[in-house]
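Please read the points below with the model open beside you.

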Amino acid sequence: MTECPCGSKRPFDECCGPIIAGAPAPTAEALMRSRYTAFVKRTLDHIENTHAPEIQDDFNRAEAERLAEECEWQGLEIRRVTETGDTAEIEYVVRFRREQQNISKAALSRFRRDNGQWLYVSNDLNLPIQPERVSKVGRNDPCPCNSGKKAKKCCGTTTELK
């Protein structure tokens, strides 16, 4: 079994796979992770189908497809989850490579549960990224982008991990 791209360290078939296939997400965080994985796997119907009804018309399928194609997805880091009843906020950092640049974007997404199903409601992009810790990654250490390669064969010989 392959590890899920969402960073849960669980097999895809036991993590985001069933949610992308149509099973309801048990938590807002599970939906957030599955939406990231849908970009990685280019299964954008899941992204569109998990938008709240009032924002369905805002979904730009062509732009989402272009983004999914152009980016090399490198990881999702969930920083904070606040779930209160049928609403939730998730602060996260997504890392990707685009046009030969490593990019990290911090954001805060809002979700709500309607009739037992979690839905994406809104997103605040470009929050400041506060590193939790910084350490040097050696040439023979695993690359911090979670590619499974050594740092020297992936993102560089000395990379700062944030």
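Which residue's side chain does a polar contact of 3.4 Å join to that of Tyr92? The partner is Asn123. A polar contact is a pair of N or O atoms within 3.5 Å; within protein, one must be able to donate a hydrogen and the other to accept it, and residues adjacent in sequence count only if both atoms are side-chain atoms.

1. Basis. This is a predicted model, in which local features need pLDDT of at least 70 and side-chain atom pairs count only at pLDDT 80 or more, while totals for chains, interfaces and linings use all residues. Residues are numbered from 1 along each chain as its sequence is written, and side-chain values use heavy atoms, with hydrogens and water left out.

2. Overall layout. The protein has 4 helices and 6 strands, in the order α-α-α-α-β-β-β-β-β-β from the N terminus. Helices (H or I, at least four residues) and strands (E, at least two) are DSSP runs, numbered from the N terminus. Of the 162 residues, 36% are buried; buried means under 20% relative accessible area, exposed over 50%, and partly exposed in between (1.4 Å probe, protein chains only).

3. Tyr92. This residue sits in strand S2 and is buried, at 8% relative accessibility. The C-alpha atoms of Tyr92 and Ile78 are 4.4 Å apart, although the two residues are 14 apart in sequence. Leaving aside residues up to four places away in sequence, Tyr92 touches several others, including Met32, Ser109 and Asn123. Contact means heavy atoms within 4.5 Å.

4. Ser109. Strand S3 (residues 101-114) holds Ser109. Ser109 counts as buried because its relative accessible area is 2%, which falls under the 20% limit. Its side chain also makes a polar contact with that of Asn123, at 2.6 Å. Among the residues that Ser109 touches are Met32, Tyr92 and Tyr120.

5. The strand pair. S2 and S3 run antiparallel and are joined by 12 bridges; two strands pair if DSSP finds at least two bridges between them.

6. A pocket is found on a 1 Å grid over the protein atoms alone: an open set of points where a 1.4 Å probe fits, with protein on both sides within 12 Å along at least five of seven lines; lining residues have an atom within 4 Å of a point. Of the 27 lining residues, Phe39, Leu67, Tyr92, Asn123 and Leu125 are the closest to its centre. Strand S4 (117-127) gives the largest share of this lining, 5 residues.

7. Two loop residues. Arg42 lies in the loop between H2 and helix H3 (44-49) and has a positive phi near 60°, though it is not glycine. Arg42 is partly exposed, with a relative accessible area of 41%. Asn115, in the loop between S3 and S4, also has a positive phi, of about 50°, and is not a glycine. Asn115 is exposed, at 85% relative accessibility.
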